[in-house]
Amino acid sequence: MKAVGYRKCLPIDQADALIDLDIAAPAAPSGRDLLVEIHAVSVNPVDTKVRRRDDPGEAPRILGFDGAGVVRAVGPDCTLFRPGDEVFYAGVINRSGTNAELHLVDERIVGRKPRNLTFAEAAAVPLTAITAWEGMFDRLGVPQGGGQGQTLLVIAGAGGVGSMVIQMARALTGLTVVATASRAESVQWCRDLGAHHVVDHHGDIAAQMKALGLRGANYIYSANTTAKNWAAMVEAVAPQGRIVLIESQAPVDARDVMRKSVSIHWELMFTRPLFNTPDMIEQHRLLNEVAGLIEAGRMRGTMTRNLGKITAANLTQAHALVESGGMIGKVVLAGF
C-alpha cells in the first residue's frame, strides 16, 4: 500500500525529509482494533517534532495522527463500529501513523465523522478537539454550563488547539473568552470563532485585560510557546486561578505563581491510549459529542488549507507550513 514516512531525522528543507513508500498492508485487526481506509489526514506540530527528533532506526517511520476514513474491518472484541462506518480520530504516538492507505486504531479513541463535513474537513478536527476538550474539562475542571462571571484566556487563539478551545468555551460554558492574536487575519479568525475579546500577545496581556474591565483570568489555556509567554501568564492569571499547558520548549518556574495559589496542569491527548487508562473510551465519547456540536452548527471545522493528495511532496509543504508558526487553523491532505 502507499504511505509516506521518513528514514532519518532531517530538516524539512532536505530532499528526503519525507519520502513516498510502498509498504505491506496491516494484518487483520485483532482485539478492539479497527482497520480504517484513510481518506484524509491533517498535520499537527507533533508530526513535525517527531520527524525532527525521533530516529526511526532500520525501518521507516510512518507519521500522521489525525485521520478520517471508512472502517473496512473490525477486531473480534469491537462493539462501537462496523465495516462501512465513517470515522475520525487522532491515533496514538507509539503506533504507526495515518499517512498510509490503511491504518489500525483502537476503537475506543475513534469517533463517528460529522455528517456535514467532508473527509478533508473532518481530518482537521480530532487531535485539536481532544486536546481542547481534555484541557478544559478534564484538567482545568471548567464546569460545562457554568463559568458565568469568570474569564478564560486562550494563548494562541488562532492555532489549531486555540481555535477549538474558543469554540468549546462559547458552546458549552458561560465563560468570557479572551484570545491572544497579533495579526489582523488571526484577530478576525478568533472573533469569528466566538472570542469576546482579542488581545495582542506581543503587548502587555494583563494590562490589556485590565483595560477591558477584566480583573484577571480565572482559567488560562496555553496552546503554544509556554516559556515565551510564561511571565505574561503569571501576571494575567487571577488569584486561585488555573493554568493548563500543552507544551514547554524551555523550563518554567512553578514557584512564580505560588503567591497567587495557582494550580498548573498538563494536557497530552495521547496519555489515555498510551497508558490504556480505564477511562480511555472517553475520547470516543467526546469525539462523538464534538461531531454532534458540529452537525448542530454550534461548532465548525478549522481546515484553512487543503494541499491535495497525501504524497511526500505535499506533506513536506504541510510540515513547512506548521513549522513556520504562522498557521491559522489546520492544513489537511486528502486521497492517495
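Where is the place of Asn 276? Asn 276 sits in the loop between helix 8 and helix 9, and helix 9 covers residues 282–295. Keep that loop in mind. One caution before I go on: this is a predicted model.

Let me stay with Asn 276. Its phi is near 45 degrees, a positive value in a residue other than glycine. Most residues other than glycine have a negative phi.

Gln 240 lies in strand 13, residues 237–245. Its relative accessible area is 67%, so Gln 240 is exposed.

Back to helix 8. This helix takes in residues 271–274, and Leu 274 is found in it. Leu 274 is partly exposed, with a relative accessible area of 31%.

Now helix 10. Look for residues 312–323. That is 12 residues, reaching 16 Å from the first C-alpha to the last. The span expected at 1.5 Å a residue is 16 Å, and helix 10 comes close to that.

Which residues of helix 10 are buried? Here they are: Ala 312, Asn 314, Leu 315, Ala 318, His 319, Leu 321 and Val 322. An α-helix has 3.6 residues a turn, so residues three or four places apart point the same way.

What covers those buried residues? The cover includes strand 1 (2–6), strand 2 (19–22) and strand 3 (33–43). It also includes helix 1, residues 45–53. Strand 15 (303–306) and strand 16 (330–334) are among the covering elements too.

Then look just after helix 10. Gly 325 takes a positive phi there, of about 80 degrees.

Last topic: the cysteines. How many disulfides does the structure hold? It holds 0. Cys 78 has a relative accessible area of 15%, so Cys 78 is buried. Cys 190 counts as buried because its relative accessibility is 0%.

How values were computed. Residues are numbered from 1 along each chain as its sequence is written. This is a predicted model: local features need pLDDT of at least 70, side-chain atom pairs count only at pLDDT 80 or more; totals for chains, interfaces and linings use all residues. Side-chain values use heavy atoms; hydrogens and water are left out. Helices (H or I, at least four residues) and strands (E, at least two) are DSSP runs, numbered from the N terminus. The expected span of a helix is 1.5 Å times one less than its number of residues. Buried means under 20% relative accessible area, exposed over 50%, partly exposed in between (1.4 Å probe, protein chains only). Contact means heavy atoms within 4.5 Å. A disulfide is a pair of cysteine sulfur atoms within 2.5 Å.
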